[in-house]
Amino acid sequence: MEQPEARMADIEYARLQVHKTQRPLPKAAIEDLGFGKVIADHMLKVTWTTSHGWSAPEIVPSGPIGLHPFSHVFHYAIEVRHAWQMDTKAIQGEKQNVMRALHLLTWKRTA
């Protein structure tokens, strides 16, 4: 007889804890906002374990994050870089829509 799987904790937003920075950055103008343009002085931190699931979410001051050297993010970044290089060579002669074509090719490759 199979035992039912233990239900792991979902992210419980009601348990959100906020730890404000002691060194806030100046507030950016709305027209300056955009992905990768403005550095935030806080970040969301939620840990997950195989035994307990998600921990209580926390908003904490921005700072270093620990990643294992074999984290997939490092290998993924290298693959995307090589893909962009190949796409650039393939479309090098075309002047119009180069960026759109690169994004489309990369999206298709990673989807």
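Student: How far does the backbone nitrogen of Arg 23 lie from a polar atom of the side chain of Thr 21?

Tutor: In this predicted model, the separation between the Arg 23 backbone nitrogen and a polar atom of the Thr 21 side chain is 3.1 Å.

Student: Where is the place of Thr 21?

Tutor: Thr 21 belongs to the loop between S1 and S2.

Student: Is Thr 21 buried or exposed, and why?

Tutor: Thr 21 counts as buried because its relative accessible area is 18%, and the cut-off for buried is under 20%.

Student: What about Asp 41, where does that one sit?

Tutor: Asp 41 is also placed in the loop between S1 and S2. Asp 41 is buried yet takes part in no salt bridge.

Student: Which side chain of opposite charge is nearest to Asp 41?

Tutor: That is Lys 20, at a distance of 10 Å.

Student: Which backbone nitrogen does the Asp 41 side chain reach, then?

Tutor: The Asp 41 side chain reaches the backbone nitrogen of Leu 25, at 3.0 Å.

Student: How many salt bridges does a search of the whole structure find?

Tutor: The search finds 1 salt bridge. Glu 12 forms a salt bridge with Arg 15, and their closest N and O atoms are 3.9 Å apart.

Student: And how accessible are Glu 12 and Arg 15?

Tutor: Glu 12 is partly exposed because its relative accessible area is 39%. Arg 15 is likewise partly exposed, with a value of 41%.

Student: Changing topic: what is the strand order in the sheet?

Tutor: The sheet is open and has 3 strands in the order S1-S5-S2, with mixed pairing. Its edge strands are S1 (17-18) and S2 (42-45), each of which pairs on one side only.

Student: How many bridges join S1 to S5, and do the strands run parallel or antiparallel?

Tutor: S1 and S5 (residues 58-61) are joined by 2 bridges and run parallel. Within this pair, Val 18 stands opposite Ile 59 of S5.

Student: And S2 with S5, parallel or antiparallel?

Tutor: S2 and S5 are antiparallel, with 4 bridges between them. Here Met 43 has Val 60 in S5 as its bridge partner.

Student: Which residues form the nonpolar patch on the surface?

Tutor: The patch consists of Leu 16, Val 18 and Leu 44, which together have about 290 Å² of accessible area.

Student: Where is Leu 16 found, and why does it count as partly exposed?

Tutor: Leu 16 is in the segment before S1. Leu 16 counts as partly exposed because its relative accessibility is 39%.

Student: How far apart are Ile 11 and Pro 57, in sequence and in space?

Tutor: Ile 11 and Pro 57 are 46 residues apart in sequence, while their C-alpha atoms are 7.0 Å apart in space.

Note on methods:
Residues are numbered from 1 along each chain as its sequence is written. This is a predicted model: local features need pLDDT of at least 70, side-chain atom pairs count only at pLDDT 80 or more; totals for chains, interfaces and linings use all residues. Side-chain values use heavy atoms; hydrogens and water are left out. Two strands pair if DSSP finds at least two bridges between them. Patches are made of residues with over 30% relative accessible area and no salt bridge: like charges are joined within 9 Å, nonpolar side chains (Val, Leu, Ile, Met, Phe, Trp, Tyr) within 5 Å. Accessible areas come from the Shrake-Rupley method with a 1.4 Å probe; for residues, only the protein chains shown count as cover. A salt bridge is a side-chain nitrogen of Lys or Arg within 4 Å of a carboxyl oxygen of Asp or Glu. Buried means under 20% relative accessible area, exposed over 50%, partly exposed in between (1.4 Å probe, protein chains only). Lys and Arg count as positive and Asp and Glu as negative; His and the chain ends are not counted. A polar contact is a pair of N or O atoms within 3.5 Å; within protein, one must be able to donate a hydrogen and the other to accept it, and residues adjacent in sequence count only if both atoms are side-chain atoms.
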